[in-house]
Amino acid sequence: MDMRSNVDLVDRRPALVDPHEDFQAITKRVAAPIEWKTPIGWWLFFIPSVLLAASYGGSVAYLVWEGTGIWGINNPVFWGWAIVNFVFWVGIGHAGTLISAVLFLFRQKWRTSINRFSEAMTLFAVACALSFPTIHVGRIWLLYWVAPVPNSMLAWPNFRSPLLWDVFAVSIYGSVSLLFWYVGLIPDLATMRDRVTSKLGKFAYGIFALGWRGSTRHWRHYEVAYMLLAGLATPLVLSVHSVVSFDFAVSQLPGWHTTIFPPYFVAGAIFSGFGMVLTLMLIARVIFKMENIVTMHHIDNMAKVVLLTGSIVGYAYAMEFFVAWYSGSQYELFAFINRATGPYAGAYWTMVTCNVVIPQILWFQKMRHNIVLLFIISIFVNIGMWFERYVIVITLTRDFLPSSWGYYSPTFWDVSCFLGSFGLFFTLFCLFVRFLPMIAMAEVKTVVPEADPHPEEAATGGAH
Amino acid sequence: MSHTFPRWTNKIPTIVALAVPVIGVGVVFGMLYWFSPYFTDVGYMPTQPVPYSHKLHAGKLGIDCRYCHNTVEKAAYAAVPPAETCMNCHAYVKKNSEKLALVRQSYETGESIPWIKVHQLPDYSYFAHDVHVTAGVGCETCHGRIDQMEKVALHSPLSMGWCLRCHHNPEPNLRPISEITTMGWEDSPEAAEYDWASDPHRIRNNLQPPQNCSGCHR
Amino acid sequence: MTTENETLNKPDIPSRRTFLSAMGATVASLNTAACIRKPYEKILPFGQRPEDRVPGRPEYYATAASVGASVVGLRVRSNDGRPTFIGSNKQHPTSKGGTPAWAQATVLELYDPDRSRTALMDGASVDPAGAAGAIRAMGKAIRDAAGRGLAILTDETPSPTLFRLMKTLKEQFPEAQQFRHDEMGEANGQAGAAMAGIPNASFSLNETPAVIAIFDADPMGTEGDTCAFDHAFASGRDPDAPRKNRLYVVEPYVSLTGSNADHRKAVKPSEVPAVLAALASELNSHGYELPKLAGADAASDKFVKALAKDMAKNQGVSMVMVGERQPPQVHALAHMVNAALGAYTKLGAWTQSDAPEFQTADELVAGMKAGTFKYVVSLSGNPAHSIPGFADAAEKAQVLHLGSYLDETARIAKLHVPKSHYLEAWGDLVGRDGSVAIQQPLIAPLHESKSAIEVLATILGSKESGYEQVRDTHRSHVASGDFEKSWQVWLHDGVVQSHPVQRVEPAIQAAQIEGYPKAGSSDLEAAFIRDLTVLDGRFANSPWLQELPDPVTKLSWDNALLLSPDTAEKLGLKNEDMATVTLNGASLDLPVWIQPGTADDVAVLPLGYGREGVGQYASSGFDVSGLRPVDGTWSASGVQIKKTPGSYRLACQQLESDQYGRPIVREASQTDFTADENFVAKFEVMKPEHIDSLLWEEPVLPWAKGEQHQWAVSIDLNKCSGCSACVVACQAENNIPWVGKSEVLKGREMHWMKIDRYFKDNNGQFEVKYQPMGCAQCETAPCENVCPVGASAHSPEGLNDMAYNRCIGTRYCANNCPYKVRRFNFFHYTVRNDGEYGMGITMQRNPDVTVRYRGVMEKCTYCVQRIQRAKIYQKVNGGGDTKVKDGAIVTACEEACGTGAMVFGNMADPESRVAKMKNNPRNYAVLAEINIRPRTTYLAKLTNPNPELAEG
């Protein structure tokens, strides 16, 4: 009897996509944005983005010409916004692979509607992220020295340096994410190849569809490859931001040299990643009329993840203080008290408010289902996570010897580089939504009732 | 799927097949240049303002290197000699030779002869002749058979790796102090059985060729 | 482009030809590649190489420099004919192997592009011949007029040759008159000495007094033989010194000396005489025969009582000093006190100066106004600026101006002649103790310049060669036979051994003093001070000294109105506010800087800044000389200060002055030290055994075995006065660029070593602590393992090598440096400086040190270029022994330091000085608790407070 009610419970779970959507409807819906004649709205997004991206290029050119002195960095704050932005973007670049790989392995079917989208976001974020460590070095033209290639100097990079680990970690993460994303795209590319009418379109999709014909054989290989890549990508999700956190944790500076950093950074990264996915998704699903595919159910789940990771981050903040006190090191303790009360306390409390306090609203389902509110919260999450990195870097202002303490303030060029990177990000994104299926149709189709071999059993709740 | 790809695309495999070897060859030659002594200019042999022949002076006449490069044992630079040194002989020998006009002029006016530098290190690397010479590294080891050069040409790449190889293991390049300026000693039989460690005439036997940065970069 | 052609002209060797044919298409790229790789350079040998000249080997020459009457003996390095570094002459008796910061900077001054280059007649430039002719003509006219209407104006440069020439002048032309004016001079001091009955004599301190009471003087910073005083003072700070000393300072502002005081009393300038008078009468009650002056009420003053008691206790070895800023009467009283205490007989010696009689500057101006003088020959300085009224009176006379810059005087002069730098001309200098140093030039004059000796000789119609004149002066001392021989010895040693010294026994009358200044007024007073870096402004055009932070305020590139916290609060002023200072009708707007320890109701105004039309650097800051009373006194009452709208950013190089209770500068009183020798351990944040008991087995670092040299530095905080000479020396030796005010404001100064200074409120008493801080060459250096390209790596000798040419500029090392002593080239500073400075800066550069590029991290490596040079020399000439002897390597900072506060050496050799210092119980490492094992360690500071005053 109560067994029955259980089953009822199961049944009452909302469908992942609107049950009225059949295969063809989904295909139509997803392909629509590509087949439309370019909407004005798209241009309204695209043109400013391109201009911003161009300004980024300009700023970088001037930076290389004039020297890193154009930024606000100084002694003692040798790392400024460049590194803040780097960590910020890498963090954002987390959700994608997490959603696609980890949730895939955990058989979280609800991921299907959003994974393509968030993977794309991951790639673009990582692209932005990589640009910063590259431009922030003093002699960019010698950057190739970090690559272990034989040379007439018999000199090798220093493998003990966290920065070198970064180079490998982030680039591997980037390439695996790209591969994973691309493999997932293949069936849909084939679909597009067969739908589009323009010669060029056919040609381009055709090249990248790798001659996919959807035969069972293709599907089997596809499934295997996708599964393997998922397995490969999952550890990377955890490793990449752990390694990024080593940039700070491996140093011996008060406020940086702490063992909590790796988990705290990963959680923060997922947090910020989901924040950004929400931000973009909430806009996109409206603009491209995907409400039936990206349902409240998905959004609700993402909101829950945001709440969870946000709270983990909050715990980390508290733990940092405890450890600083418990360590008995006056330098550690001072560093943290200084964060909360020192000249940059404003940044610290902004961070806490945005990352810990505001997300608590999401305990309430009503709030989780309020799209506008959710959008605002996601923006706050993005801001908060940027400030988290800023707070960490700004810890440099006051370390061991008071004689060397200083202040830091960004210059015009810090700001232009930061905003410029958003230009790059959105430019890539606009191109993505315009020319590639932003939702994995093939995968979504697997979760619609039509895909169920025994729909009537599903209806009566018979065991699968 | 012929309707997907235009006909010409059938050529793509052929093009690729042809392109790959070409690119490959390009890479090989690129490596040959960039990763080889060509890049470090081995063989660079400029025409000097005065047609001075080491082949004649060092080789045929057998003048010791140190007669002209007399600071080699006491300073970092094995200084190019002042015109005065040339005039020691050429005040009497070939005193009116056309080729020596510049030398005589320099001697009288004190105005330098603009020799073109053949062996050139970057400004951030500091090399000292004296310490190498007194350690028993011969002129020949780095400069080659000067006694056979009509015009002096660059014999060694002078790259960091080239320096380090010897600093890692100097033994093969050591010779008796008495043979420092001897040309062709390396190929001589006594070079084969020379044991530097047991040489009583050496100035010092505890060689510690620096392998750390500040050994050469300051 | 020539480079490219040369590459093209390269004859093809066969292999090359085949190669080119193989990739003919890329010939162009090949050439460009070659171009990029190396510029094809020329070798330009001598036509006839001078004897013993070995290209590339530095040479050292002894010479000497002076400011006012203070002489510094120097050993200057010349690289291929270019003076590049000012070393100290350890044999020189008055400078005792020390060099002040200004002396270190003179090597740059030599190449200053703003120096005047050609002679000017009525403002139009004339060729050297013309100039010489003009001087001769003037000389002839003067001689024909038997010297009538000639006024010679000079500064206090104590040159025997100059003195001799002036005396000859006076003998031959009695009507010629000689005047002396020097902003760095001792007019008041000499007047005071004259009052006390010891005219025209000078006192030189040979050993440290046990009690030193300073009254508004700065013998460590800007007055007298600073090196000699530092040396004497430092010798009395050691716990095992035969005579320990205690320093009392009474002053209106925080002078360098005051910042080193054991007890300090901040009073207004006008109250200083009263304190001395009080001391005198207090000593009188201790039984010394000293006048009880009116208004001297010691009874109230605990400080004076304790001081007097202390002095009485140390009969004969205690001494008072009064500064130039106080009127002659106060100096006279000081002489009486010292005479009564018997200081002059035990602690040093008086020497009769053989300087001729001089008249004062205002007499000159009066004469000029009256039209007495047809010719005014100004041999030094810039009288039009420094002597009130000179400029107006000048049109009545023909002024011959010998000067280094086209300054105010040059503009009004009939004839301006560029003055030779001391490194360009022959001269000689006699110290306060009568020792004479030969001023030997290292380079021929860069411009068409003449020295004072040459000009005076020309006017006299005597031999025009300074060399001959100097030799003539000293010929007399030795039998003519051995003159040449002894001359060579003098040049080598830098000191004229056989020079006769006239000692005098001071016969000081304990008479009453006429017009002894009365106790101060109640209102706001101005105190004009000499700046600690640019002095009276004569070095204001040196970017090194402009960027060198003031040891006390840490301000650079500017001066400011210094106020005590309370006074500032009372006037409603805070740091960097603009304030209008009004005094004697003149007024000036300048920024405010609050300096704790300044006496209340005192407006401290540092001189020497804001000099327009002298050079590109001298104009920075604010020229306060306009506010100064016309009689040239150093302090004045009746100042009005009011806040004006607007603010002005001051480039302070240390923003925090508190140690936040961290054990950075460790100190104890002498008594506490004797009670507990290992007091430094009490400060340890972490016990050594805790640091060692790590999770893993601590690896035995290869360099810890110590079969090689193990370089290390030990710094004795007792001996460091904070004078900052080492900072400039480091800059000169290591081609360190200056960055300019705007960059300093961003916190980007490049000094490899800095002097950290901390303030301390020792229950009510303001104290200053200094700590030289440079790269400590940590054995487990945090900077090394974080560099992705390994540009910073450890040497087997314990150096934290920095390969500039490997650095790609991630700046991670600097973040991770706990001392923050790494410096980054945010811009291409060296090229910028080349632009500002022309060839000069490249002429000064040390060829043994790489000039760093933009985007490269740099730092101190214990002058590794000197280490390598010494090691190579030892390898080549050591006959098999490759161990460098202790003291054979002297780092630039160590060389500049006269007190021996800094010692570099091989700590693997137990006999080395540094190893011994490391075994000193006072030895400690800053931040030892983070287990970085710095090779630079410190000896804790010992103060010597008077128990009676200790509890404040």
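In chain A, helices H5(A) and H6(A) meet in a left-handed crossing, meaning that the near helix is turned anticlockwise from the far one by less than a right angle, whereas clockwise would be right-handed. This is a predicted model, in which local features need pLDDT of at least 70, side-chain atom pairs count only at pLDDT 80 or more, and totals for chains, interfaces and linings use all residues. Residues are numbered from 1 along each chain as its sequence is written, chains are lettered from A and ligands numbered from 1 in written order, and side-chain values use heavy atoms, without hydrogens and water.

To find the pair, look at residues 95–105 for H5 and residues 115–136 for H6; their axes come within 7 Å and cross at roughly 140 degrees. Helices here are DSSP runs (H or I, at least four residues), numbered from the N terminus. Axes are lines fitted to C-alpha atoms over the stretch in contact, with angles from 0 to 180 degrees between N-to-C directions.

Residues in contact (heavy atoms within 4.5 Å) include A:Ala95 and A:Ile99 of H5(A), and A:Glu119 and A:Met121 of H6(A). By class, this contact has 3 nonpolar, 6 polar and 1 charged.

Now turn to chain C, where H7 (residues 187–195) and H12 (residues 328–341) pack at about 55 degrees, their axes 7 Å apart. That makes H7(C) oblique to H12(C), and their crossing is right-handed. Among the residues in contact are C:Gly189 and C:Met195 of H7(C), and C:Pro328 and C:His335 of H12(C).

Terms used
Helices (H or I, at least four residues) and strands (E, at least two) are DSSP runs, numbered from the N terminus. Ala, Val, Leu, Ile, Met, Phe, Trp, Tyr, Cys and Pro count as nonpolar, Asp, Glu, Lys and Arg as charged, and the others, Gly among them, as polar. Angles under 35 degrees count as roughly parallel, over 145 as roughly antiparallel, 65 to 115 as roughly perpendicular and the rest as oblique.
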